[in-house]
Amino acid sequence: MEKNRRIINIVNFIRGFDSEPQPPLETYETVKRQIELIDKYNFKATFLIQYDALQMKHFRDLMLSLDRERYEIGVWFEVIKPLAEDAGVEWKCSREWSGLCNCGYAMAYPTEVREKMIDLVFEQFKGIFGDYPKVFGAWFYDTYTIRYINDKYSLDALCNCKEQFGTDGYTLWGGYYGQAYYPSRANVFLPAQSEETQMNIPLFKMLGSDQVYQYDCSSNEDLSPKTAQRVITLEPVYHDIGGGLNEWVDWYLKENFNGECLSFCYAQAGQENSFGWQKMKDGLKYQFALFSELEKQGKIEIEQLGESGRWFKEKYSSTPASTITAHSAYDDENKKTAWYCCKNYRINLYSENGVLRIRDFHIFDDSIKDQFDNAVCKETFAVYETLPVVDGYLFSGGGIRSGAFFRYRDHSKFKCKDMKFRQTGENECEVEFISDGGFVCFALSEGRIEISSDRDFEIENIISRKSDFVPELISYDEKSVFLKYKGKKYSVESEEGNFENEKIAKSHNSKLILTFSLDR
């Protein structure tokens, strides 16, 4: 089987304005220092530049001076005051930049204004660099904007924010967890489920999230989710845990690039200039020195975002399945996890102190239309999500951790000691959890989840609290559980084994096979 690639994109982006006003020379000096560090190791890198920075001569001249063989220049897209005013709409914020969804992002404006803003940015970029941009990024964007770009301009790649709940005023939850996917024409947050419904620009997930802790790192004392999650990523400005902590960086690169990735291992490194050089310099210097060593050893490849996008489009006609594993947390060998994502669903398997559970299971339906496709976002926050079945973060509370917990039917305990990963096909893998004398094996493919063990077992989906994020139970029978979430109906079905009730699925001959259906 072909060896899977291990790719790092260094993506720095350039703002002229930010929420905290800084002297222009400080943000400019940050970019210069980033370039000096990239040049030291002769890396390839991508800079994404915002509309306001495009109008600043010192940033333009700096970008024009770069070697275009090693440096790729693209667009970072946030709505700022000069862009809004040039598009002929009123800027309603007190500062030139805003992170609010009803002001600082394209969905805050009518579709004709979104088109005008994109054209303004792309034409100004072409006037400076001679060609339209080939890569485009933002923390957050709506589907209409990306579909317009897809249909009018030829891009190599998109990038946007990792999954997060409430952070920065928006929620991206239940979607493709890492690597890249082809977004649906109906909803950019969802991978297209057929070539007919997809936009042909791969979307890469930014930041490099901690695959163990990021998911449920921000629980309250009763284990219920906080209003906004903290960030545990490769970003070098986070020094307590994340990209500014050397021990965490060592662990993350070891686990994230362990080769257990199906399609390809991936992470995005870098930082926006608005944080300032002093906050990021130590973390970036440590990371880049380590990248250089790993690159020399052939353990990673460092390339531009657009290069990765062109390779992805050449290799995959539709979204491939991907996996991310970790055989420990950075500070705890008793935690093990595996994420599997494909165009139809995602699942997270998790063992903590020997206790095994499905921590997350969300189903994708690419017919779910983006709520802001032809509507203006009037609130300061926005939510993009998928169809939940198991959610170990949002369903937890009252001192009880949620998830679909594994247990033997004879009441003997399974205590996980180790986890093994095997790729069994292009989009298929097995994740086996091993105890003293026992095992639980998850065979994961695009259409089903097959669970087997050394003896009969059951899995109980524990939902600890009621909330708007919990699906409605319509009905259940021995072979199916029928759910409804925000108007969409779907079901989880047992091809082998059966449901005792809406929460408990039992194996047959030590095997449980789960599939699912969408009511379109």
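These legends cover close-up views of aromatic rings in a predicted model. Residues are numbered from 1 along each chain as its sequence is written. Local features need pLDDT of at least 70, side-chain atom pairs count only at pLDDT 80 or more, totals for chains, interfaces and linings use all residues, and side-chain values use heavy atoms, without hydrogens and water.

**View 1. F122 and Y153 form a tilted aromatic pair.** Rings of Phe, Tyr and Trp (its six-membered ring) pair if their centres lie within 6.5 Å; planes under 30 degrees apart are stacked, over 60 edge-to-face, and the rest tilted. The count by this rule is 50 aromatic pairs. F122 lies in helix α5 (residues 111-129) and Y153 in the loop between α6 (143-152) and β5 (157-160), so the pair ties together parts 31 residues apart in sequence. Helices (H or I, at least four residues) and strands (E, at least two) are DSSP runs, numbered from the N terminus. F122 is buried at 0% relative accessible area; Y153 is buried at 6%. Buried means under 20% relative accessible area (1.4 Å probe, protein chains only).

**View 2. Y408 and F414 pair edge-to-face.** Centre to centre, the distance is 6.1 Å, with 80 degrees between the planes. Y408 is buried at 2%. F414 is buried at 9%.

**View 3. Ring pairs build a cluster.** Its members are F165, W173, Y177, Y215, W339, Y393 and F469.

**View 4. The charged end of R359 sits over the ring of Y350.** The distance to the ring centre is 3.9 Å. The term requires NZ of Lys or CZ of Arg within 6 Å of the ring centre and within 35 degrees of the ring normal.

Methods: Buried < 20%, exposed > 50% of the residue type's maximum accessible area, 1.4 Å probe, protein only.
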